[in-house]
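User: Hi! I'd like to go through this one with you, a bit at a time. Can we begin with a side chain and work outwards?

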Amino acid sequence: WAFGLGSQLARCAASLGAKPQSVLFIDDKPWNAEGAERAGMLGHHYRGHASLRLALAAHDLLENPVHAP
């Protein structure tokens with residue numbers, strides 16, 4: 001969460017009129033996803049397509065979610 005990324009994301013969300021808790025931040029670095037959560041956002045550590053689809057489905061962000069068995 002180096003170089004003030006959290007405050008930059010917060011400013012970006014605010015400029016869009018979004019509350020931090022409504023932002024899903026996705027990153028392949030776990031410390032960035034954790035930092036987003038500390039900033040009040042939803043964080044997802046990207047580890048591949050399948051886990052991302054599950055995360056998006058869990059937050060109702062897929063138009064046609066496919067659930068794993």
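Analyst: Happy to! The side chain of Arg47 reaches the backbone oxygen of His45 at 3.3 Å. Keep in mind that this is a predicted model.

User: Where does Arg47 lie?

Analyst: Arg47 lies in the loop that links strand 2 to helix 3.

User: And is Arg47 buried or exposed?

Analyst: Exposed: the relative accessible area of Arg47 is 62%, and the cut-off for exposed is over 50%.

User: OK, the strands now. In which sense do strand 1 and strand 2 pair?

Analyst: In the parallel sense, over 4 bridges, with strand 1 covering residues 24-27 and strand 2 covering residues 42-45. Within that pairing, Phe25 stands opposite Gly43 of strand 2. To get from strand 1 to strand 2 the chain passes through helix 2 (residues 30-38), and this β-α-β crossover is right-handed.

User: Nice. Which residues of helix 2 are buried?

Analyst: Asn32, Ala33, Gly35 and Ala36 are the buried residues of helix 2. They cover an arc of only 160° around the axis, so they sit on the same side of helix 2.

User: Why would residues three or four places apart point the same way in an α-helix?

Analyst: Because an α-helix has 3.6 residues a turn.

User: What follows helix 2?

Analyst: Gly40 follows helix 2, and Gly40 has a positive phi, near 95°.

User: Which residue other than glycine has a positive phi?

Analyst: Asp60 is one, with phi near 55°. For context, most residues other than glycine have a negative phi. Asp60 lies in the segment after helix 3 (49-58), and at 70% relative accessibility Asp60 counts as exposed.

User: Let's zoom out. What pattern does the protein chain follow along the sequence?

Analyst: The pattern reads α-β-α-β-α, which comes to 3 helices and 2 strands.

User: How much of the protein chain counts as buried?

Analyst: Of its 69 residues, 26% count as buried. The protein chain exposes about 4,900 Å², and carbon and sulfur atoms supply 58% of that area.

User: Last one: among contacts between residues at least 6 apart in sequence, how many join residues at least 24 apart?

Analyst: That share is 23% for the protein chain.

Methods:
Residues are numbered from 1 along each chain as its sequence is written. This is a predicted model: local features need pLDDT of at least 70, side-chain atom pairs count only at pLDDT 80 or more; totals for chains, interfaces and linings use all residues. Side-chain values use heavy atoms; hydrogens and water are left out. Buried means under 20% relative accessible area, exposed over 50%, partly exposed in between (1.4 Å probe, protein chains only). Contact means heavy atoms within 4.5 Å. Accessible areas come from the Shrake-Rupley method with a 1.4 Å probe; for residues, only the protein chains shown count as cover. Two strands pair if DSSP finds at least two bridges between them. A crossover is right-handed if, with the strands pointing away from the viewer, the path from the first strand over the helix to the second runs clockwise. A polar contact is a pair of N or O atoms within 3.5 Å; within protein, one must be able to donate a hydrogen and the other to accept it, and residues adjacent in sequence count only if both atoms are side-chain atoms. The arc is that of the directions from the helix axis to the C-beta atoms.
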